[in-house]
Amino acid sequence: MGRPLKIAKAQAVLTITDTAATGSIVTVSGGNLTTSPTVGIAKGMSFIVATTVGGLTANTIYYVNEILSNTTFDVSQTQLSVQPQVIQTLTDTTGGSVSVSFNVVDAYFNNPTAGAGFPATNANTYSVVGGNTAIIGKQVLAQVAIGINGTGTVYSYLAANTNQSIFGVGTDFANLATGAALQVAVANINGSTNFTDIGFASSTHGNITVAVANTTATGNVIRTSGNAQTLELDMPLTFDASFGGLTAGTTYFVKTVANATAFTVSATQGGDPQAITSNASVTGNAIHNRVVLNANCPIAFSNAAFVYANDEAGYIVRQKGKQKYLVTGTVTGLTAQCYTANLANTALTPNSMRILATYANSSTQTVQSLSDHTGELFTATSGPIATGNIVFQNAAPVFATFNSAAAANATAGQPYELVTIASA
């Protein structure tokens, strides 16, 4: 893999809400300073604010003098071991929302202003750094799609590529986001399963509900006051009431639809009609749970597990391989391994990610792999996504920076393009 990407780290990233001149006191939210093991702020720790607030200057290192409460501490301008100690002068502010990073390390490739405890910067230097984009400074910004195991199982039409709808048992497609990428578990020749892309959810997802009026034992007919022709043959459904020998919440399958007011069901997909035991009036509903995909479902499956993902801004926690990274989504808060993909943000599939690079001519390309100083970009022959141990060849080598891009050989000794990596 070569040199991995350097990852910015911090003990914690909290939010300053208030500052007080009396006592040089800072109030923070986002963690319990004295008891939370995940925050762990202690006397003597350094901290940096993202923007100037209450007498604290952005990109300047300060120190925690004393922890005063679960949400407050006072501030030293100098390390506590330095004498004479200088207490920082603050001003009164309230109701703020300024990010503050504690004990930051490995975060300073071309980020802050030179001085104030930071290394000097240079507009012609290379290098980027991963890590939480909430930490002070610039970190690589990734768009990630973290796969989430779906609840329940799903069914498609018995023939592949014939319909855009898939149907669920025990699922909650009503809460599926429009544009969510979907994969289903399909058996492979080794006896295990592979998760296979089936498409993206359209804005049509949730329940189809058809009101039931009565049952007829002759012919095992369920009659409706709704439109039975909205039900799909061989697809699963449930009833929200028990009647005529049918049990509420049990999965049945649509067997026939004679017309808008009459249908039959079976206990198994493609099975014999389920017996209706009585003629009776009914107060209840037949319920299909389904999602309409953006295109016809490309494969056929039955009672399959599924995963889904929505693309979101994220950050790199660790590099696991040349094209494999441990990432965290900033919306879901989920962390998982993702592979770099040569895809648009909205086309990302579960457990794929995109990092964007910009050339000197403002054109953009997706990153195949990235280290502190160098990178490789997908090309037309690179392939869309790397999986497992596969590494696509023919990538374009580049130098990576958070500064301005430059053409190859624009600077002496620079054999490759210098590209700007998306950052936050």
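**Questions on a predicted model**

At 3% relative accessibility, Leu-90 counts as buried, in a model that is predicted.

Q: In which loop does Leu-90 lie, and is Leu-90 buried or exposed?
A: Leu-90 is found in the loop that runs between β6 (72-76) and β7 (98-102).

Q: How far apart in space are Leu-90 and Val-75, C-alpha to C-alpha?
A: Val-75 is among the residues that Leu-90 touches when residues up to four places away in sequence are not counted, and the list also includes Thr-19, Ile-25, Val-26 and Leu-56. Along the sequence Leu-90 and Val-75 are 15 residues apart, while in space their C-alpha atoms are separated by 8.7 Å.

Q: Which side chain makes a polar contact with the side chain of Thr-19?
A: Thr-19 lies in strand β2 (residues 12-20) and is buried, with a relative accessible area of 4%. Its contacts beyond four places in sequence include Leu-90, Thr-91, Asp-92 and Thr-93. The side chain of Thr-19 reaches the backbone oxygen of Thr-91 at 2.7 Å, and at 2.5 Å it makes a polar contact with the side chain of Thr-93.

Q: In what order do the 6 strands close into a barrel?
A: Strands of a sheet pair through backbone hydrogen bonds, either parallel or antiparallel. In this barrel the pairing is antiparallel, and the order of the 6 strands is β2-β3-β6-β5-β4-β7.

Q: What is the bridge partner of Val-49 in β7?
A: Strand β4 (residues 46-49) pairs with β7 in the antiparallel sense, over 3 bridges. Within this pairing, the residue of β7 that is the bridge partner of Val-49 is Val-100.

Q: How many residues apart in sequence are the parts that the pair of Glu-66 and Lys-43 ties together?
A: The side chains of Glu-66 and Lys-43 meet in a salt bridge at 2.9 Å, N to O. Because Glu-66 belongs to strand β5 (residues 62-67) and Lys-43 to the loop between β3 (25-29) and β4, the pair ties together parts whose separation in sequence is 23 residues.

Q: How many residues apart in sequence are the parts that the pair of Lys-322 and Glu-376 ties together?
A: A salt bridge joins the side chains of Lys-322 and Glu-376 at 2.9 Å, N to O. Lys-322 lies in the loop between β21 (311-319) and β22 (324-329) and Glu-376 in strand β26 (residues 374-377), so the pair ties together parts whose separation in sequence is 54 residues.

Q: Is the aromatic pair of Tyr-155 and Phe-253 stacked or edge-to-face?
A: A search of the whole structure finds 12 aromatic pairs, and one of them is formed by Tyr-155 and Phe-253, with 5.4 Å centre to centre. This pair links strand β11 (residues 153-155) with strand β17 (residues 252-259), and its residues are 98 residues apart.

Q: What is the angle between the planes in the aromatic pair of Phe-239 and Phe-263?
A: Phe-239, in strand β16 (residues 236-239), and Phe-263, in strand β18 (residues 262-266), are 24 residues apart, and both are buried. Their rings lie 6.5 Å apart, centre to centre, and form a pair that is stacked, the angle between the planes being 15 degrees.

Notes: Residues numbered from 1 in each chain as written. Predicted model: local features only at pLDDT ≥ 70, side-chain atom pairs only at ≥ 80, totals over all residues. Heavy atoms only, no water. Helix = DSSP H or I, 4+ residues; strand = E, 2+ residues; numbered from the N terminus. Buried < 20%, exposed > 50% of the residue type's maximum accessible area, 1.4 Å probe, protein only. Contact = heavy atoms within 4.5 Å. Polar contact = N/O pair within 3.5 Å; in protein donor to acceptor, adjacent residues only side chain to side chain. Pairing = 2+ DSSP bridges. Salt bridge = Lys/Arg side-chain N within 4 Å of Asp/Glu carboxyl O. Phe/Tyr/Trp six-rings, centres within 6.5 Å; stacked < 30°, edge-to-face > 60°.
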